[in-house]
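This report concerns side-chain interactions and backbone geometry. The sequence and the model are shown first.

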Amino acid sequence: MTVDDRFVRDFREGEEQPLGVRSEIITGPVSDWTTDFSHMEPEWAADPYPIQDDLRARCPIARTERFGGGWLPTRYEDVAAIAYDTERFSSRAVVMSNYRPPLEIAPVGAVPPISSDPPFHHDARKLLLPAFTKKEVAKREEAARAFCHSLIDGFEGAEIVDAARDYAQHIPMRVISDMLGFPPEDGPKFREFVEHALEGVNLPPEQRMANMAELFDYLLEQIRDHVANPRDDLTTYLIDAELYGRKLEPSHVSGTMALLLIAGIDTTWSAIGASLWHLAKTPADRERLVAEPALLPTAMEEFLRAYAPVTMARLVKEDMHWRGVDMKADDWILLSFPAANRDPAQFDRADEVIIDREINRHVAFGLGIHRCVGSHLARMELRVALEVWLERLPVFGLADPSAVTWAPGQVRGPRTLPLRIG
């Protein structure tokens with residue numbers, strides 16, 4: 001099989017796919033967060049921290065019957081234990097939704113390596129490591145910085161700008177599109193793909209499938225263009241990569257590209273946006289960082305701890321009694337790194353944002369074998385985005401606190417963030 005042969009036809013056609021399990025879609029107000037939690041409801045999106053703190057004190061492993069049944073641990077020690085335990089918890093699905101993929105897709109999963117279980121995970125992850133080293137990431141800093149300046153140049157004459165939609169969201173979209181060799185003008189499509197994948201989990205199945213098909217149609221188009229016109233980017237690298245002595249399966253190539261596009265964009269734009277939101281509403285911290293720019297790397301880690309954007313999901317492998325609760329096979333686990341990062345048993349003054357916090361072993365990038373492969377890239381983008389903003393716009397504040405909106409789902413960050421910069 002030649003490289004071209006793999007992508008001549010749509011790999012999704014003509015092959016019988018194993019069926020998963022769909023559950024009833026349940027939406028609406030939460031009756032009791034201990035027995036009916038949902039990460040998709042407006043009150044969670046607006047401010048999940050009081051909910052998590054209350055659960056940690058009253059019911060540290062909450063239950064829901066939504067999404068076909070699942071659990072929400074809120075203590076650091078429980079989140080860490082599950083993240084490290086690949087024997088009892090599977091990563092074959094990492095977005096908690098009303099669809100459970102079949103056991104047959106393990107250990108690869110749909111978007112390797114984040115959806116992969118051992119032993120396949122190790123080898124799939126290893127393929128990506130060279131592209132995300134500190135040395136490789138450093139090569140992208142100059143372009144990222146220039147792009148941030150160009151975005152702020154576009155604010156000239158404006159008194160109020162949407163720092164989420166007009167700044168934070170563009171930065172990782174440009175960086176990831178450059179890495180994958182995608183047209184930079186496709187940024188608006190990437191925004192749609194992200195919102196469909198992570199915020200559309202309660203949509204009717206046919207709509208959700210259509211949305212995901214749109215993403216993979218786009219990826220297949222880009223892959224075919226790269227097969228015809230190879231260049232020095234991550235897409236060509238994945239097309240040419242080998243595992244176990246042969247080229248990657250088409251589904252592996254497109255799945256990894258989908259992961260990089262979705263996870264590489266939303267997580268970082270959420271971190272940038274949340275950091276700017278904090279500084280806009282906390283003048284003392286903003287003024288201190290403007291006066292002490294060397295403090296930014298430390299402050300940045302605190303923003304990542306306090307406003308960790310990412311919550312991952314796992315599936316229980318077999319019925320078991322685990323730390324006081326009876327988990328059933330295929331129960332969801334909503335693995336809240338944000339909740340772990342605010343556990344007072346792990347962090348002093350956990351509910352406060354302390355920008356000069358010295359000891360800060362936060363878990364914003366996850367724990368265990370699935371710890372974020374792109375953490376160096378995310379940190380670079382966050383640092384550069386904040387450095388450029390504070391240099392160019394040292395005085396800013398919330399134009400209307402009530403107009404700030406946050407994304408529901410497993411990656412939380414501002415979706416609208418009107419800031420007064422005039």
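The model is predicted: local features require pLDDT of at least 70 and side-chain atom pairs count only at pLDDT 80 or more, while totals for chains, interfaces and linings use all residues. Residues are numbered from 1 along each chain as its sequence is written, and side-chain values use heavy atoms, with hydrogens and water left out.

**Aromatic contacts**

Across the whole structure, 14 aromatic pairs are found. Rings of Phe, Tyr and Trp (its six-membered ring) pair if their centres lie within 6.5 Å; planes under 30 degrees apart count as stacked, over 60 as edge-to-face and the rest as tilted. One of the pairs is edge-to-face and consists of F89 and W322, with 5.8 Å centre to centre and 90 degrees between the planes. F89 belongs to strand β4 (residues 89-90) and W322 to strand β10 (residues 320-322), so this pair ties together parts that are 233 residues apart in sequence. Helices (H or I, at least four residues) and strands (E, at least two) are DSSP runs, numbered from the N terminus. F89 and W322 are both buried; buried means under 20% relative accessible area, exposed over 50%, and partly exposed in between (1.4 Å probe, protein chains only).

W277 and W406 also form an edge-to-face pair, at 5.0 Å centre to centre and 90 degrees between the planes. Distant parts of the chain are linked by this pair, as W277 lies in helix α13 (residues 250-281) and W406 in strand β14 (residues 405-406), 129 residues apart. W277 and W406 are buried.

One aromatic cluster comprises F155, Y167, W389 and F396. The charged end of R286 sits over the ring of F396, 5.8 Å from its centre. A charge sits over a ring if NZ of Lys or CZ of Arg is within 6 Å of the ring centre and within 35 degrees of the ring normal. R342 lies over the face of Y49, at 3.7 Å from the ring centre.

**Salt bridges**

The whole structure contains 30 salt bridges, each defined as a side-chain nitrogen of Lys or Arg within 4 Å of a carboxyl oxygen of Asp or Glu.

| Residues | N to O distance |
|---|---|
| R75 and D78 | 2.8 Å |
| R323 and E77 | 3.7 Å |
| E292 and R288 | 3.1 Å |

Salt bridges that share partners join R75, E77, D78 and R323 into one network. Within this group, D78 is buried at 0% relative accessible area, whereas R75 is partly exposed at 26%.

**A buried loop residue**

N360 is located in the loop between α16 (337-340) and α17 (375-392) and is buried, with a relative accessible area of 16%. Its side chain makes a polar contact of 3.2 Å with that of E302; such a contact is a pair of N or O atoms within 3.5 Å, where within protein one must be able to donate a hydrogen and the other to accept it, and residues adjacent in sequence count only if both atoms are side-chain atoms.

**Backbone geometry**

Most residues other than glycine have a negative phi, and most peptide bonds are trans. The peptide bond from A106 to P107 is cis, with omega near 5 degrees, and the bond joining P118 and P119 is cis, with omega about 0 degrees. Y244, which is not glycine, has a positive phi near 60 degrees. R323 has a positive phi of about 45 degrees and is partly exposed, with a relative accessible area of 42%.
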